[in-house]
Amino acid sequence: MSSLSSPLPRKLALALLVTVACAFAANHVSARLAFDNGTGLLLAILTRSGVACTILLTLVAVKRKRLWLPRAAWPWQLAVGCLITIQSLALYSAVARLPVVIALLLANTFPIQLALLTWALGGARPSLRQCVIMGTILLGLLVVLDIPAWLIQAETLGSEWALGIALGLLSAFVFSSALWITEHRLAGVGSTLRSLLTMQTVFVAMIIGAALGVVPGGMSLPENSQGWVGLSLLALLYGAGFSTLLICVPRLDMARNAPVMNIEPVASLVFGYFVLGQTLGPVQLLGGAVVVGGIVILGLSKVR
């Protein structure tokens with residue numbers, strides 16, 4: 001049993017985390033490929049959550065875990081499931097409207113929002129060093145979004161750009177809210193059960209949304225083979241990355257190694273260029289480097 005829970009060699013742990021981050025990045029690029037070829041938003045999330053549920057149910061069966069949740073935890077668990085549903089809708093909607101790397105940079109502001117949310121709800125106040133880092137991240141984000149050019153020529157980028165930015169930030173906010181609830185209200189619930197119930201909530205919510213026609217064309221099938229490839233890959237890549245992370249997390253020393261997963265936007269930039277032909281200008285690349293670097297430093301400062 002000790003060998004099953006002992007930490008992996010750090011190089012192997014880092015390699016696994018980088019692989020998982022790249023799988024998540026490729027998942028978002030695949031989602032954009034699917035959306036560009038007629039795939040409905042609800043269908044994409046339904047497929048992804050369905051694959052994740054299947055994996056989690058298999059893990060529960062193999063590990064013979066007890067499917068039991070304290071009565072007091074049910075409202076909080078339902079809240080987390082609803083928040084992750086909103087986060088999935090918001091992030092995929094942002095991916096459909098913005099270059100994938102920009103959508104992910106917006107979503108990856110969740111550490112800033114989580115720190116501020118924790119403070120607002122009575123937690124520790126961010127240190128001066130953390131505030132400086134967060135301010136630097138926001139400045140980098142303003143550069144990568146090319147806000148000055150957008151303000152001058154808003155009509156060139158169109159309303160979809162502004163909506164995409166709002167959705168990307170919304171995805172970060174609801175995700176940080178879900179993390180706060182998980183840490184402060186669901187800490188005693190096992191990660192596998194918590195993840196299973198969350199994915200089941202997302203899956204059921206997508207079925208209800210489809211039945212009610214909440215999103216016009218939300219269940220549209222892909223129009224061509226590229227759309228089917230994108231839909232298949234987004235589900236498989238997310239499922240593979242999600243299950244690898246969940247199975248290996250006890251041995252990955254996440255408190256020390258988690259910041260390496262911020263390579264996801266970098267990987268999405270590479271995949272987005274080769275698969276979708278999406279590029280950023282030199283100044284935007286510099287801003288993106290500032291954002292990613294700041295998030296990594298923020299994560300490392302929390303470790304210390």
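**View 1. Helix α10 and the largest pocket of this predicted model.** Helix α10, which covers residues 159–185, gives the most to the lining of the largest pocket, a total of seven residues. The space in this pocket comes to about 1,800 Å³. It is lined by 45 residues, and those closest to its centre are Phe110, Phe175, Leu179, Leu245 and Met261. What kinds of residues make up the lining of the largest pocket? They divide into 28 nonpolar, 12 polar and five charged.

**View 2. The second largest pocket and its helices.** Here the volume is about 250 Å³. Look for Thr85, Leu89, Ala205, Met206 and Val214, which are the closest to the centre among the 17 residues of the lining. Which helix gives the most to the lining of the second largest pocket? That is α11, with six residues. Helices α3 (41–63), α4 (74–97), α10 and α11 (191–212) each supply at least two residues of this lining. By class, the lining has 13 nonpolar residues, four polar and no charged.

**View 3. The largest cavity, lined in part by α14.** Rolling a probe the size of a water molecule over the atoms shows where empty space is left. In the whole structure, a search finds one cavity of 30 Å³ or more. About 40 Å³ of space lies in the largest cavity. Its lining includes Pro99, Val100, Ser268 and Tyr273. Both α5 (100–107) and α14 (264–276) supply at least two residues of the lining, and α14 has the largest share, with four. Six of the lining residues are nonpolar and four are polar, with no charged residues.

Key. Residues numbered from 1 in each chain as written. Predicted model: local features only at pLDDT ≥ 70, side-chain atom pairs only at ≥ 80, totals over all residues. Heavy atoms only, no water. 1 Å grid on protein atoms, 1.4 Å probe; cavity = no way out; pocket = protein on both sides within 12 Å on 5 of 7 lines; lining within 4 Å. Points joined across faces, edges and corners; volume = space filled by probe spheres on them. Nonpolar A, V, L, I, M, F, W, Y, C, P; charged D, E, K, R; others polar.
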